[in-house]
Structure formats: C-alpha cells, structure tokens
Amino acid sequence: MNPSKRKKGQIKQGGTPEKGIRIGGNPDSVMQEVLSWSFADCDMDPQCRWSFCQQHLETDFWQTILPKLRQFETMTVSNIFMDSKKQNHKLSLDSLNKEARDRFVQLRIEAESIHSLRLGGKLRLYGFLVGSVYHIVWYDSDHGDNSSCVCRSHLKHT
C-alpha cells in the first residue's frame, strides 16, 4: 500500500529493517571501551545513609568524587575492573548488608550484581554496569569492617 494512501493509525508492514543483527561481534569488546557514567539511578533519598544527595556528599563531590570519575573516564572497563580488581570489583547482591539489599529492591533496580569503585581510603561508589556505562547508585563514605557500610569488608589477620 502506498504510504500516502494508508489510513490514519494503520501500521506500516513489510520492508527490511535499516539495521540488521550484528553477527560475529566480540562480546568482550565492552571491556576495551572507556567507562562512562549515568546518574539516573542514584538513590537521592536523604533518609538513606548512602544516598547521592547534597546532605551526604557535602564537599566530597567536588574534592574527591568528580576528580576520581574524571580519572576513571580515561581508563577502559578492563583497566578498572580487571587490572585493579582488588580496589574495584563486582559483588553479588547477597554480599550487601540487609539494609542495602532491601533498598536495592525498593529502588526497583534489576541488576544481577553491583560494582564497587574505590575512590580512596574508606570512600566507595556502588553501582551497576550496563555495557560500559556505570550507573551510580550509592556513595559510601565509611567502607570497612563495620555494619554501617553498604558491603562490609572483613579485616583479615586481626
């Protein structure tokens, strides 16, 4: 049917899609991409102790977080999560403390795992990866062997 003679509301049928399915792509290619950020999934609730809200970030955003994110933007996903996996790594949702797991459900985030990025000392970002985009969810300023952090780090040999 000629598009100009199509009735209003009628769906165009037939033809071939402009972009086909890519065949032969390398599934590991995302590891060679440069990491980028999304703030769309940040927990902004000031009642959550790890939220990405102004009350919790104070001056940390400008002095620590932003400079570290800019540094990470010069690195590939592989550089960050493979070469530096002791500092930056994937965590199972089961390893989060109960409050964090419950909050993850409340936020309706459907990620299978969460990734921790070390910003320095006790400072961590927690989020999830979609391709080479890191979706920031939380900022934890007290990571360590304590029950108040997103994911407790049990000290060894103490």
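How many helices and how many strands are there in the chain? The structure shown is a predicted model, and the chain holds four helices and five strands. Followed along the sequence, these elements are arranged in the pattern β-α-α-α-β-α-β-β-β. The chain has 158 residues, of which 35% count as buried. Its accessible surface amounts to about 10900 Å², and carbon and sulfur atoms contribute 50% of that area. When contacts between residues at least 6 apart in sequence are considered, 55% of them join residues at least 24 apart.

Strand S2, residues 89-92, runs antiparallel to S3, and four bridges join the two. One of the pairs places Lys90 with His115 as its bridge partner in S3. S3 in turn runs antiparallel to S4, with five bridges between them. Gly120 stands opposite Leu123 in S4. S3 and S4 make up a hairpin in which two residues separate the strands, and Gly121 in the turn has a positive phi of about 50°. Of the eight residues of S3, six are buried, so this strand is largely enclosed by the rest of the structure.

Leu129 is found opposite Tyr134 of S5. Here again there is a hairpin: two residues lie between S4 and S5, and Gly131 in the turn has a positive phi of about 65°. S5 also pairs with strand S1, residues 36-38, in the parallel sense, over three bridges. Within that pairing, Val133 of S5 is the bridge partner of Ser36. S5 is mostly covered, with seven of its eight residues buried.

The helices can now be placed against these strands. In helix H2, the buried residues are Phe61, Ile65, Leu69 and Phe72. Their cover includes strands S1, S3, S4 and S5, together with helices H1 and H3. H2 has a kink of about 25° at Leu66, shortly before the proline Pro67.

Glu58, located between H1 and H2, has a positive phi of about 45° although it is not a glycine. Is Glu58 buried or exposed? Its relative accessible area is 62%, so Glu58 is exposed.

Beyond H2, the loop that connects helix H2 (60-72) to helix H3 (77-83) contains Thr76. In contrast to Glu58, which is exposed, Thr76 has a relative accessibility of 14% and therefore counts as buried, the cut-off for that class being under 20%. The side chain of Thr76 makes a polar contact of 3.0 Å with the side chain of Asn79. Apart from its neighbours within four places in sequence, Thr76 is in contact with Met31, Gln32, Glu33 and Val34.

Helix H4, residues 98-106, has Ala100, Arg103 and Phe104 as buried residues. Why do they lie on the same side of H4? They cover an arc of only 105° around the axis, which puts them on the same side of the helix. The cover over the buried residues of H4 includes strands S3 and S5. On the other side of H4, Lys98, Val105 and Gln106 are exposed.

Both ends of H4 deserve attention. After the helix comes Arg108, in the loop between H4 and S3. The phi of Arg108 is near 60°, a positive value in a residue other than glycine. With a relative accessible area of 71%, Arg108 is exposed.

Definitions and conventions. Residues are numbered from 1 along each chain as its sequence is written. This is a predicted model: local features need pLDDT of at least 70, side-chain atom pairs count only at pLDDT 80 or more; totals for chains, interfaces and linings use all residues. Side-chain values use heavy atoms; hydrogens and water are left out. Buried means under 20% relative accessible area, exposed over 50%, partly exposed in between (1.4 Å probe, protein chains only). A polar contact is a pair of N or O atoms within 3.5 Å; within protein, one must be able to donate a hydrogen and the other to accept it, and residues adjacent in sequence count only if both atoms are side-chain atoms. Contact means heavy atoms within 4.5 Å. The arc is that of the directions from the helix axis to the C-beta atoms. Two strands pair if DSSP finds at least two bridges between them. The bend at a residue is the angle between axes fitted to the seven residues ending there and the seven starting there. Accessible areas come from the Shrake-Rupley method with a 1.4 Å probe; for residues, only the protein chains shown count as cover.
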